[in-house]
Structures are given as structure tokens and as C-alpha cells.
Amino acid sequence: MKKILLASSALLLVAAHAASAQEKTLTISVYGFAQDAFKELVYTPFEAKCGCKLVVETGNSVERLAKMEANKASPVVDMAVVSMADALSASRAGLIEKIDNTKLTNFNKLYDLAKDPNGDGMSVGYTFYATSIVYRSDKMEVNSWADLLDEKNASHVAFPNVTTNQGPPALYMVGEAIGKNTPDLKEAIAAVGAKKDEIVTFYVKSSQLVQLMQQEEIWAAPIGRFSWEGFTKLGLPIKWATPKEGQTGGMNVMVLTKGAKNQDLALEFMDFWLSTEIQTALAEKLVDSPANKDVKVAPEIAENLTYGEETVKSLKLIPSAVALDNREAWLSEWNAQVGQ
């Protein structure tokens, strides 16, 4: 009998330990890029801190949101990182819930832009990027987004296709420049369409731009700041424009899955990722631009990031509702005015 009781006690301890281990598993859904760096700088240190295991699922936004939708009744993912617009889409679909920012000790260190990106309390920004114009300063001047369409410049410009991440923001700023900025981007698309035979290319991949600039086929192009470093290595007089209308860009955010099993642990992980230490480490490795305003990096690092209060304040981001509600109309108008 004593042996049976001892065996039963041992089994109970094993079961309890297994249950505890299961409770300390956090499943996150992230973009697939730079995962080696994230493992080194974020995931492994957090596992050591919390004594838990991270299960990391990767993929593009469409795939990951579809999986969250499919598992809505019994969520697998505890937290995810997505774009601002995708966060609003997930909110509309009832996939995420409000974030209790009182549990985020680093919340007040964030730039205001990142604290509540969609104004609904459902997301927190962790990184963003500026979109502006890279240009040959010996060939032209760029003081306005409208300069891209100037008759002297248009034949030396590469413009992003509307289907790319940079397309709508660039059109948004063209609309600002010509004083006709409406959510349908109709006037901006028409302005670009009027120059479609002069513009060198409507690019889909920003990776092709460095070569076009090197070969002097183009003098200017709207790009995301994450693409800037390649241009600095060309040995040419190249500048990053600060147009009078401002810069645009994008922001990636963290969201908490509705009905997730490990919400407290998910919030702890979010807070860890938003800390000055982790945001600094990611910035120094050029993985992400920091949303934490206390991050300080060397000038040569800052040069390749969207960094500093002045830059952040200059960002004019397309509201998520505008992006979600107008995507199909933008594509239809683009195909009519510019072509596929």
C-alpha cells in the first residue's frame, strides 16, 4: 500500500509539474524576417527571465491572420505582431482584445504615436519606419513630394506600385503636396497617371532601386527607411529628403489574442520587448527602429533608422480605417489611371 501511495504521489508531482510547464508556454505570431536576431536578442533572454518556453509561429500577415480567424473559438496564439491596419482588421473581426497598459511598465516610455495607434486601445506600437524620397542631390532638389512629378524630374523617378507597402503612403503624400488629399487617393493617382509615360518604373521590389540609382537610370524614388543603407554605400551624392509636407511611413504593433490562455504572460513579453534595453539592442543591430523614446544610439546607427522625436513627429501615417476601407478602390483607380 505504501508503495502504491508513493507511486501515486510521484505521478501527481509529475502531472503538476507538466501542468505548470504547460502554463508557462507562450505562443507568439511574428513576421518571418530577422528571426535569428530576434531569437538572440528577444526570445532567449525572455525565456531565461520568465522560466517559460516561447513557441514562435512565422508567416506573412494574410497567413497569420487567417490562422487566428480559423482558431477563433480556441486560440492557439497568445499575442501577435502585425501592421496597424491589420490590427484594426483583427479588431473588427473580434480576434483581439484591449490591452491593459497599466500592466506595461514601459508604456509611458513610448512615443505618443505608438501608445494607441488605432485609437481603440487594442494595440501598442513597437517599431515604425519613415517613408520619404531618396535622391541624387547633385541632379535635383527635393523640397516637396510634388517635385517627383515636376517636368524636369519625372523622367528620372521610380515610383512604388500601389500594391506595395510604399505605394499608398507615397500617393497619400503626393495628395498632400497637390492640396487634393482625399481617402480615395483619386487626385494623387491621377497626378501620377498623368506622368506614367515619363516615370522610369513603377517598382514592386525596392531591392532593384539601388542598381537603378547606381546606373543613373533614376535620380529619385520614395522608399522606406529600412532600404536606405544600400544607397549610402554607392559612393554617390545621395540624400534623404525632408519634404515640407512631412514624411510618411508605417508602424508595426503588438496585439493580444481574444480568449488567449496566457494573457498575463503575453503582456509580460510585450513589456519586455518594449523595454529600453531590448529596444536598444534591436536598434543597434538595425533590426527595428525603436518606439521607446529613451533609446539612445550612436549617430552612425541612427542614420539607418527611423529615430528621434523630431523624425517621429514628422510622420504622417495613413489612418488604418482609411487603408482598410479603400484598398480595393485604390487598386481599381490605379489600374484605370496608371495600368497594371
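**Entry 1: α4 and α14**

I looked up how helix α4 (residues 84-92) and helix α14 (residues 320-337) are set against each other in this predicted model, and I noted that their axes come within 8 Å and cross at roughly 75°. Since angles of 65 to 115 degrees count as roughly perpendicular, α4 and α14 are therefore roughly perpendicular to each other.

I then listed the residues through which the two helices meet: from α4 they are Met 84, Ala 85, Asp 86, Leu 88, Ser 89 and Arg 92, and from α14 they are Ser 320, Ala 321, Ala 323, Leu 324, Asp 325 and Arg 327. Sorted by class, the contact of α4 with α14 has 6 nonpolar, 2 polar and 4 charged residues.

**Entry 2: the largest pocket**

Next I turned to empty space, which a probe the size of a water molecule, rolled over the atoms, can show. I recorded about 1,600 Å³ of space in the largest pocket, and among the 48 residues that line this pocket I noted Ser 83, Tyr 129, Asn 165, Gln 166 and Asn 252 as the closest to its centre.

**Entry 3**

For the second largest pocket I noted about 210 Å³ of space, with 13 residues in the lining, of which Trp 240, Thr 242, Gln 247, Thr 311 and Ser 314 are the closest to the centre. Helix α13 (residues 309-314) gives the largest share of this lining, 3 residues, and by class the lining has 5 nonpolar, 6 polar and 2 charged residues.

**Entry 4: salt bridges**

Last, I looked up charged pairs, bearing in mind that side chains of opposite charge can pair when their charged atoms come close. How many salt bridges does a search of the whole structure find? I recorded 13 salt bridges.

One salt bridge I followed up joins Glu 57 with Lys 67, where the closest N and O atoms are 3.1 Å apart. I placed Glu 57 in strand β2 (residues 53-58) and Lys 67 in helix α3, so this pair ties together parts that are 10 residues apart in sequence.

Conventions: Residues numbered from 1 in each chain as written. Predicted model: local features only at pLDDT ≥ 70, side-chain atom pairs only at ≥ 80, totals over all residues. Heavy atoms only, no water. Axes fitted to C-alpha atoms, helices over the stretch in contact; angles between N-to-C directions. Helix = DSSP H or I, 4+ residues; strand = E, 2+ residues; numbered from the N terminus. Parallel < 35°, antiparallel > 145°, perpendicular 65-115°, else oblique. Contact = heavy atoms within 4.5 Å. Nonpolar A, V, L, I, M, F, W, Y, C, P; charged D, E, K, R; others polar. 1 Å grid on protein atoms, 1.4 Å probe; cavity = no way out; pocket = protein on both sides within 12 Å on 5 of 7 lines; lining within 4 Å. Points joined across faces, edges and corners; volume = space filled by probe spheres on them. Salt bridge = Lys/Arg side-chain N within 4 Å of Asp/Glu carboxyl O.
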